[in-house]
Amino acid sequence: MKTLLRQSAAASILACMLISSPSFAQEKSDTDANDDDFHRTGEIVVTAPYFERLDLLAGTSAISGEDLAQQSRGQIGDTLLSLPGVSATSFTPGSSRPVLRGFQGNRVAVLTDGIGNIDASNTSADHAVTIESLTTERIEVLRGPAVLLFGGQAVGGAVNAIDKRIPRAVPEEAVHVDALAGYGSAANEWSGGASIDVPLADRFVIHADGSYRKSDDLRIGGFQLSPDLRAEVLDLADEEESSGHPDVAEGLRAAAANRGRVPNSAVETWTAGLGTAFIDEGGNLGVSFSIYDTKYGIPGRPGVGHHHEEVVSTGEQVSMAEGDEAAVTIGLRQYRADLRGEVETGDGFLEKLTFRAGYADYQHTEFEGAEVGTIFKSQGFEGRAEAAQANRNGWRGASGIQYMSRDFEAIGAEAFVPPNRTRQLGLFTLQEFDLGGVHLEAALRYDRVSQEAQTLGIDRSFNNVSAALGAAYLIGDLKIGINASRTGRAPAVEELFSDGPHIATQAYEIGDPTLRSEKAWNAEIYARYDSTNVDATLTVYSNWFDGFIYEDATGAEQDDLPVFQYFQSDARFWGFEADMSARLGQIGGFDIVVDGVADYTHASISNGGGPVPRIPPLRLLGGLELQSGNLDLRGEVEWSADQRRNAAFETETTGFTLVNASASWRPFGRDRNIALIASANNLFDVTARRAASFTKDYVPLGGRDFRLTARFSF
């Protein structure tokens, strides 16, 4: 608590210093009202984070408005799957983190309004991401030199969720309401979220929001277990029966025969937020407080046991029988406080100063049946101050400082990570030059990271310098460019210090405290065409790693669990991503639009190490849409290839084809932000599995799913 008070006081003092500057200026948002959950009709609008105003040579993929409403799922990884280069960990319906160009975990920065999400989702694949899309305005995927604003570790890119908890505008209405409600049949999922913004005295805005989402066990199109795992479980059942354990054999055969539902995959989540902001022609200062609470099941892998002597229950030791395989569930809650301040500094070299800070108190508990197994606690703070330069004959930029601290502790018999402390300090600059037909971006970042495991007596420090350079040439509607970077990433605490059984992932995880920083050369070439009727982008990329850190199965077992260990070796990634949208003409008052997405990643460990584990295969997604002011009709097909390039103990992933359809009706026209959306996903009830998922062999994707969504803004 003392740490929280000190950090909050420091943040408040700095923000007040910024807001007290004598000169402020007004900014206007360039966001299309139809894509914005918040009517920006007032005269005073706070600028979104600085990077949104850069040229961003590598481009930005984003989802908002009706698209976000239709794609909204309980986890952000499953919400972004329509974007190019994006897959998901799909560990369970309650836990799914984005995968960008085959990268996941610490190599993908997940941000809330420009700063870290301050949860434990990057610690393990079973940990939920504490972002609720029901109350999120826009989600962006960022790549290229600008990503160094947020950290040198984000080789894959950054995912930034822009919420509305600290208001950015003073609405004209006396009370402004945004609401979203929906139902999905595959998991009997009911969801709803709403926000209210009330202006006070023309300069203050009060904001409140909340959401609730509840789903049952996920319905699937066929068998829960993959064919290889079913055969393995049936063989194990025969062994158990021949060893005189008929009850165990019967349970294993029932698991192999299970189809139609994924047991123990239900989710219940609620959020609440309260914020306020002072918004003047000269700037803004705002604060918010929010709660994210979720409970979700972790489906078990049949045939995998875990043995331990005791678990923790309300601070006391409670005995459990060896080999007990009670259902595992996770109860998670995060309390979070945020601060944002911004001030324009006048007509000098600097255009504005911004400050952003957040503090989160996070805890989740892994339950084994009714007993408490392991408790994970985290207290984290992140703050950044940024100075944006005025545009001087085509030269502009931003420079700043970023600080992050986290104290993490796991308590219980399966605390696979010891108590640890992380501190990170970053200095960065990003500069952009417009030379007429040629655009240049250059970024430089320095990070110092300290990782300390107190109980082990280990204290590691890492210093990394990252740099990026991009250039683009504009020829009419076509932009051709290249980006290159050299990045450095310090090992994460779980990569360094893990050593023990982890019940939720059903693995014995082993880190390596001697790991060094991971270095990478990264390059991409792209072409982007943007005209009245056609938008298209093609990007080809490659990454060369010196000391790539990865987790892989060893084939050994410990405590009746498969051993997964962190290794370090050189590696090579390459691939492409493409997206296109074209307006072909009109028919019966409808515009005819076709669109498509394609992406592929090839990743190998050098010196004969074989493929990198859990890499998505080639994917193609194509759609045909009829658009009008009141009604949109869409059909789409997603095809995913087989993934046969697998690590030594990784199973193959069978490809799949999903067919989806949707209709969006706007009874009062496109400008009123009121829409009713009906969609049918996986129409042919296909059993599909994502290669990037740790649990793909026993947690397939949902089967046929009919969804109704209502979106209101008034």
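**A buried arginine**

Tutor: We begin with a side chain and a backbone oxygen: the backbone oxygen of D697 is 3.5 Å from a polar atom of the R689 side chain. The backbone oxygen of Q224 lies 3.0 Å from a polar atom of the side chain of R689. Please keep in mind that the model is predicted.

Student: Where in the fold is R689 found?

Tutor: R689 belongs to the loop between β35 (675–681) and β36 (705–713).

Student: What makes R689 a residue without a salt bridge?

Tutor: A salt bridge requires a side-chain nitrogen of Lys or Arg within 4 Å of a carboxyl oxygen of Asp or Glu. For R689, the nearest side chain of opposite charge is that of D697, 5.7 Å away. R689 is therefore buried with no salt bridge.

Student: Which residues does R689 touch, not counting those up to four places away in sequence?

Tutor: Among them are F223, Q224, L225 and S226, as well as T653, T654 and F656. D697 and Y698 are also included.

**The strands beside this loop**

Student: What makes β35 a mostly covered strand?

Tutor: Five of the seven residues of β35 are buried.

Student: How do you know that β35 is paired with β34 and with β36?

Tutor: Pairing needs at least two bridges between two strands. Five bridges join β34 (residues 656–665) to β35, and seven join β35 to β36. As particular bridge partners, S664 has I677 in β35, and L676 has A710 in β36.

**An open sheet**

Student: Which strands form the open sheet, and in what order?

Tutor: Five strands form the sheet, in the order β1-β6-β7-β4-β5, with mixed pairing.

Student: Why is one side of β1 and of β5 left without a neighbour in the sheet?

Tutor: β1 (60–64) and β5 (115–116) stand at the edges and each has a single partner strand, so one side of each has no neighbour there.

Student: How do you know that β4 and β7 are paired?

Tutor: Five bridges join β4 (residues 108–112) to β7 (residues 157–163), and the criterion is at least two. The two strands run parallel, and V110 stands opposite V159 in β7.

**Nonpolar cores**

Student: Which residues touch the most other members of the largest nonpolar core?

Tutor: In this core of 27 residues, they are L80, I139, V159, F545, F548 and F573. The elements giving two or more residues to this core include β4, β7 and β28 (534–558). β28 supplies the largest share, three residues. Apart from this core lies another, of 18 residues, among them F91, Y296, V328 and F376.

Student: Which residues are in contact with V159?

Tutor: Leaving aside residues up to four places away in sequence, V159 touches, among others, I76, L80, V110 and I139.

**Salt bridges**

Student: Why is the pair E524 and R101 called a salt bridge?

Tutor: The closest N and O atoms of E524 and R101 are 2.8 Å apart, and the limit is 4 Å. The pair links distant parts of the chain: E524 is in β27 (residues 518–530) and R101 in the loop between β3 (98–100) and β4, 423 residues apart.

Student: Why are E524 and R101 called buried?

Tutor: Buried means under 20% relative accessible area. E524 has 6% and R101 has 9%, so both count as buried.

Student: How many salt bridges does a search of the whole structure find?

Tutor: The search finds 43. Salt bridges that share partners join D113, R168, R336, D338, R340 and R356 into one network.

Key: Residues numbered from 1 in each chain as written. Predicted model: local features only at pLDDT ≥ 70, side-chain atom pairs only at ≥ 80, totals over all residues. Heavy atoms only, no water. Helix = DSSP H or I, 4+ residues; strand = E, 2+ residues; numbered from the N terminus. Buried < 20%, exposed > 50% of the residue type's maximum accessible area, 1.4 Å probe, protein only. Lys, Arg positive; Asp, Glu negative; His and termini not counted. Polar contact = N/O pair within 3.5 Å; in protein donor to acceptor, adjacent residues only side chain to side chain. Contact = heavy atoms within 4.5 Å. Core = buried A, V, L, I, M, F, W, Y, C linked by side-chain atoms within 4.5 Å.
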